[in-house]
Amino acid sequence: MASRNQNRPPRSPNAKKEGLGGIPFDKRRKVETQGTGRRQAFSAVNKQDVTMNSDVGSIEECGKVEFTKDEVLALLSERAKAGKFDTKAKIEQMTDIIKRLKVCVKWFQQADETHVQEKESLKVSLESAEQKYNHKELEARTKEEELQATISNLKENVVSLHEKLAKEESCKQDAIECHRREKESRVAAEKVQASLGEELDKVKEEKMAAKQKVTSLEDMYKRLQEYNTSLQQYNSKLQTDLETVRAALTRAEKEKSSILENLSTLRGHSKSLQDQLASSRVLQDDAIKQKDSLLLEVTNLRNELQQVRDDRDRQVVQSQKLAEEIGKYQENVGKSSQELDILIAKSGSLEETCSLQKERINMLEQQLAIASERQKMADASVSLTRTEFEEQKHLLCEQQDRLADMEHQLCEAELLRKKLHNTILELKGNIRVFCRVRPLLPDDGGRHEATVIAYPTSTEARGRGVDLVQSGNKHPFTFDKVFNHEASQEEVFFEISQLVQSALDGYKVCIFAYGQTGSGKTYTMMGRPETPEQKGLIPRSLEQIFQASQSLGAQGWKYKMQVSMLEIYNETIRDLLSTNRTTSMELVRADSGTSGKQYTITHDVNGHTHVSDLTIFDVCSIGKISSLLQQAAQSRSVGKTQMNEQSSRSHFVFTMRISGVNESTEQQVQGVLNLIDLAGSERLSKSGATGDRLKETQAINKSLSALSDVIFALAKKEDHVPFRNSKLTYLLQPCLGGDSKTLMFVNISPDPSSAGESLCSLRFAARVNACEIGIPRRQTSTKLLDSRLSYG
Ligand code: ADP
Ligand code: MG
């Protein structure tokens, strides 16, 4: 601003004089008064000027007075019109001018004050605008915080959505079904995302533009502030200038007052005073010029100020507008930022869901691929296994067919075996006799005498012949088999095991042990079950039967075994397995007719024998039978004789009924195995028995004689077979005829003192042995046939 004043060409007071020169002040005033109210106000001053009476205070009281530039210039250019020597008038005019100048100066001061006030008010408004702006900023910050809170809430929602997604993962199988829909929705979401992205871009662009506008407005605001400060600086400069002018004015006034004071003194010295006046005029002119120039500058400054003010007003309006716009933009920005945040959050969540869906889809596709591969493999393996299965099935069918064939063949073979076995046994003879010579025992009396038993060594008789030497006479006997004293229990059993098999095949088998007391009957039949090697025929037979029944079980055979044990003492049956058995003494009494129980023997049409009141045990194990055998052994009545303290005086009959059923072939067998330990066959004279013992011996001999009679009758196929002659023969009736198998062991004691009894036994056995008719090899000599008669 100062430069403007400096650049301005200096105004010559003459030029001003020329500009206004010639025209009297009043005239100029008249020309100028035809205008604004301001001029009227100025004219009011002029009127006072006309009246000249009013003082300066009254003018001041007139209210606001405004000056135009021309008026000020006119006021400044005004000169005292009084005559050169009319000093009084001149002074009055001068005072008037000075008064008006004072008024003008006062107005200028007032204008300046109002300007300062306006500036201050502008400052205040600016501060309030700034406060508003800060307030808005704070609001924006709070909104931002709220938005952050909502963002955190949204994050929490995102977490909950994550959890939901985890749940959704459990619904994978449903997801497979929803796969297609999800794809579609994904496409739609992608579209939405694209549109949202576009919107986002637009919003971003808008945001950028708004930001740019805001920054430009802020720049403008800064520039305005700078401009305002420069204006303030200029104003302060002007004020300092004004102060200097005022100081000059006061100095001039002082000078004027000094001049006025000196005026009276100077009147006398007019010349000097005039000179002084001239000098003072010159000074005044200089001052006026100075003032003019200053006023010009002031007006220029005022104009500039006006312009600046207008500019400022415009700027303020613009700034207000801009502030409004900023507010709007901020609102828009806030809204758009909210929308943007929401959209960003939405798009973020959509992107997350999209990515999750993609991941899930990928996982599911992988799983599907794996599953399809597995399925393929499984299909391949299934087809493989199916073919294998078919092959196996085929093989199985073949095997089953073969098995059926084999079973059929086996059944046929079994039948054949049975037939063959039976044929062999028939060829061997349905009634066979084995001879067994026991070893010499320490108790035997004739230890040091010559041996009475000899075994022929000829090829024909080896193993089948036995010679008894008595009184120098050799008695040769031939049997189906002869066991010497060295023969073990096992060897003996081996020979009769085929008969046991026959019992399993459904035949009726009787195995007798015949011989004098102490000859080894019980040993042969029962043996010593506690030592395995000395087990007799009964336990071994039972073992074989159980083993065979178990092995035949594989072919579909089911066996049921029933066991009964009885003894026949004095032609009376006694149950050896009865739990409430009578004592030995009672038995004797029972025999003599005071018996309680009656064991009645009956035979049904199927050839089955029944003994009333007889205890029959169903057995399924060896253990059970051995305990029963023990029980029977304890129950067996034993009588003391001279021959053997433990010699049995009764026939012991062990019977096992074997019922076999084959459900597959619907075959049935009913076999019976009778193992009979006969009572001692010694003759009456040797035993030396009397009384009850005599009766016992007679009964035994009678029953043994009856047995031989029955066998003889059967062999001869006689019409009448005397089964009823003894209890024993009657009991065994079904097992002694037809296709039944009978084996008799004749036990011989090697003791020379027993030679007589041995001869009797051998003769008895030979008689039985001769019973097989029609088989060429079993021819027996008439001598042997006759020998039976000696036994009677
Ligand atoms: P029985 O029953 O005919 O009266 P035992 O069987 O009781 O005769 O036999 C009489 C004795 O001879 C017994 O002590 C028995 O152990 C013994 N004994 C019989 N036969 C044999 C044999 N083959 N080997 C060894 N000892 C035997
Ligand atoms: Mg005995």
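Predicted model: local features only at pLDDT ≥ 70, side-chain atom pairs only at ≥ 80, totals over all residues.
Local features need pLDDT of at least 70, side-chain atom pairs count only at pLDDT 80 or more, and totals for chains, interfaces and linings use all residues. Residues are numbered from 1 along each chain as its sequence is written, and side-chain values use heavy atoms, with hydrogens and water left out.

**View 1. Helix α6 packs against helix α7.** Two packed helices are described by the angle between their axes and the distance between the axes. Helix α6 spans residues 69-77 and helix α7 residues 87-170. Helices here are DSSP runs (H or I, at least four residues), numbered from the N terminus. The angle is about 150°, and the axes are 10 Å apart. Axes are lines fitted to C-alpha atoms over the stretch in contact, with angles from 0 to 180 degrees between N-to-C directions. α6 and α7 are therefore roughly antiparallel (over 145 degrees). α6 passes α7 in a left-handed crossing (the near helix is turned anticlockwise from the far one by less than a right angle). V72, L75 and L76 of α6 touch I97, R100, L101 and C104 of α7 (contact: heavy atoms within 4.5 Å). By class, the residues of this contact are six nonpolar, no polar and one charged. Asp, Glu, Lys and Arg count as charged; Ala, Val, Leu, Ile, Met, Phe, Trp, Tyr, Cys and Pro as nonpolar; the others, Gly among them, as polar.

**View 2. Helix α11 crosses helix α13.** α11 covers residues 489-505 and α13 residues 537-553. Their axes come within 9 Å and cross at roughly 50°. The crossing is right-handed (clockwise). Among the α11 residues that meet α13 are F493, I496 and V500. On the α13 side, the residues include L537, I545 and A548. The contact of α11 with α13 has eight nonpolar, six polar and two charged residues.

**View 3. T655 sits in strand β12.** The strand (E, at least two residues) runs over residues 651-662. T655 counts as buried at 7% relative accessibility (under 20% relative accessible area, 1.4 Å probe, protein chains only). A polar contact of 3.0 Å joins the side chains of T655 and N674 (N or O atoms within 3.5 Å, one able to donate a hydrogen and the other to accept it; residues adjacent in sequence count only if both atoms are side-chain atoms). Beyond its neighbours within four places in sequence, T655 also contacts Q562, V563, S564, V672 and L673.

**View 4. T517 lies in a loop.** The loop runs between β6 (508-515) and α12 (521-525). T517 is buried, with 6% relative accessibility.

Key
Chains lettered and ligands numbered in written order. Parallel < 35°, antiparallel > 145°, perpendicular 65-115°, else oblique. Buried < 20%, exposed > 50% of the residue type's maximum accessible area, 1.4 Å probe, protein only.
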